[in-house]
Amino acid sequence: MTESRNVAIYSHDNATIIEAFLVHRKLVDGIRDITAEKSNRTAVKKLGESLNGRSLNEATDDDYLRYLSTRRSHPNSFNNQLTVLSKFRDFLGLPRLAVKRMKAPEHERIDIEKERALADAILDEAQGDSDRVVIILMSYGGLCIEDVCNVKRRNFTIHESWVQLDYTRLKTGVKASVTFIEKAGIITRYLCEHDFPQESHVFFSKTGKTAHHPLQASGVSNIVKRLSTRAGIRWHPHMFRHLAATELAVRGDNKFDLDNTFGWKHSTNTASIYVNLANSDTNNKHLERAGIKPKSKNGGLVKTCWKCHMPIGTGDRCENCNTLLNPRKAIIEEKRSKNDEIALLKAQMETMMKQMSDLLNGGLCHEPEDRKTARGDQDESNVPILDANLSITKKNLSTR
Ligand SMILES: [Zn+2]
């Protein structure tokens, strides 16, 4: 091996090798502590664990390939680990692996109209302004969950009809600046009602051991999980950022605009992906105008039902599952029909209770003697059982 190989590789202790690698990454490659600790340490540590007690220093190409093949379920995380492991092999003086990056979902076209309706349906489920603003920052401002919990009052500037949020992204240290126009009123109301000091966080956890502490990333995930479950929608927090970026690109923001809004370095091409997606829309518009391509609302994308994911036609409802194709309307409709059901049950119960009390009163007063004796002792014991059942049903209804 060459002399340039790092001293650390002569150790066979995985912990020592990992520490040396992380120091190298921070000092030589200049990565941030959070990146070293979160993604770099995790990837190399997991590779080490897959070696069943052997040293990272002895891992063969097959070991790398086998480990990576188990990581293919999440494209972003796969690509991230591939990058880290490539750096790790550089560090050990090993040649590059012949493994391609996976196509990330970011590179795929999304149905903006549908996704925006889903995102807004999730927002509708929020019960208080705190949850509401958390969702708005992600859904309209494209903030990552880590950045949502990190923002402080001083990051916001309230204007008459818009709110500006300037923050530094935790993950990259790049500055981002977002203007909220559509939902500015809710943000303003939340910030003014609480009157947070300038240096204060603005979101706090409400329950558990960490109650009243600044909200953590896991807390933000939980809010998204809770609200999307309540709305009956499959969702991942990162989809908000993806949606916000796609919307702005389609509306005409260029790469530099997107870099500024989402905190991407100008030297990276993440924003270009969105701009390219939007460009394919532009091209389709040109073709449509020339009559070369039939008019399609969404750049030739196959539209699917938000509930059952089957392709949809032109009507309001999915032909497969009959759900309203506008998720917000569908959720409202579902709630209304549930309320109708409850009202119906309540009415039925009231009738039943009235009949019963009539029966009991009438029975005790007017029932002929022979029928009364025929029913025997059961007569009295029936009453409390029915009562108990009714009160249970009543209780269930009131908690729904
Ligand atoms: Zn459907």
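The legends below describe close-up views of a predicted model.

Residue numbers start from 1 in each chain and follow its sequence as written. Because the model is predicted, local features need pLDDT of at least 70 and side-chain atom pairs count only at pLDDT 80 or more, while totals for chains, interfaces and linings use all residues.

**Figure 1. Overview of the protein.** The protein has 15 helices and 3 strands. Helices (H or I, at least four residues) and strands (E, at least two) are DSSP runs, numbered from the N terminus. Of its 400 residues, 24% count as buried. A residue is buried if 20 or more other C-beta atoms lie within 10 Å of its own, exposed if 12 or fewer, and partly exposed in between, with C-beta atoms placed from the backbone. Among contacts with a separation of 6 or more, 56% are between residues 24 or more positions apart. Two residues are in contact if their C-beta atoms, placed from the backbone, lie within 7 Å.

**Figure 2. The open sheet of 3 strands.** The strands lie in the order β1-β2-β3, and their pairing is antiparallel. Two strands pair if DSSP finds at least two bridges between them. At the edges are β1 (156-158) and β3 (175-180), each of which pairs on one side only. On average, neighbouring strands are turned by 15° against each other, direction ignored; the axes are lines fitted to C-alpha atoms, and angles run from 0 to 180 degrees between N-to-C directions.

Figure 3. Strand β2 (residues 163-168) is joined to β3 by 6 bridges. In β3, A176, V178 and F180 make up the covered face, whereas K175, S177 and T179 make up the uncovered one. In a regular strand the side chains alternate between the two faces of the sheet.

**Figure 4. The nonpolar cores.** A nonpolar core is a set of buried Ala, Val, Leu, Ile, Met, Phe, Trp, Tyr and Cys residues joined through C-beta atoms within 7 Å. The largest has 56 residues, and V134, V148 and L258 have the most contacts inside it. Helix α10 (residues 238-250) gives the most to this core, with 7 residues. Leaving aside neighbours within four places in sequence, V134 is in contact with V148, F203, V220 and I223. Another core, of 13 residues, lies apart from the largest one and includes F21, L47, F88 and F91.

**Figure 5. Helix α10 and its surroundings.** The buried residues of α10 include M239, F240, L243 and L248. The helices against which the buried residues of α10 pack are α5 (112-124), α6 (129-139), α11 (255-262) and α12 (270-289). At 1.5 Å a residue, the 13 residues of α10 should span 18 Å, which agrees with the 19 Å between its end C-alpha atoms; the expected span is 1.5 Å times one less than the number of residues. Just after α10, G252 takes a positive phi of about 115°.

**Figure 6. T42 and D120.** T42 is in helix α2 (residues 33-49), and D120 is in helix α5. T42 counts as partly exposed because it has 14 C-beta neighbours inside 10 Å. D120 is partly exposed, with 17 other C-beta atoms within 10 Å. From C-alpha to C-alpha, T42 and I18 are 9.7 Å apart in space and 24 residues apart in sequence. The C-alpha atoms of D120 and R328 are separated by 7.3 Å, although these residues are 208 residues apart along the chain.
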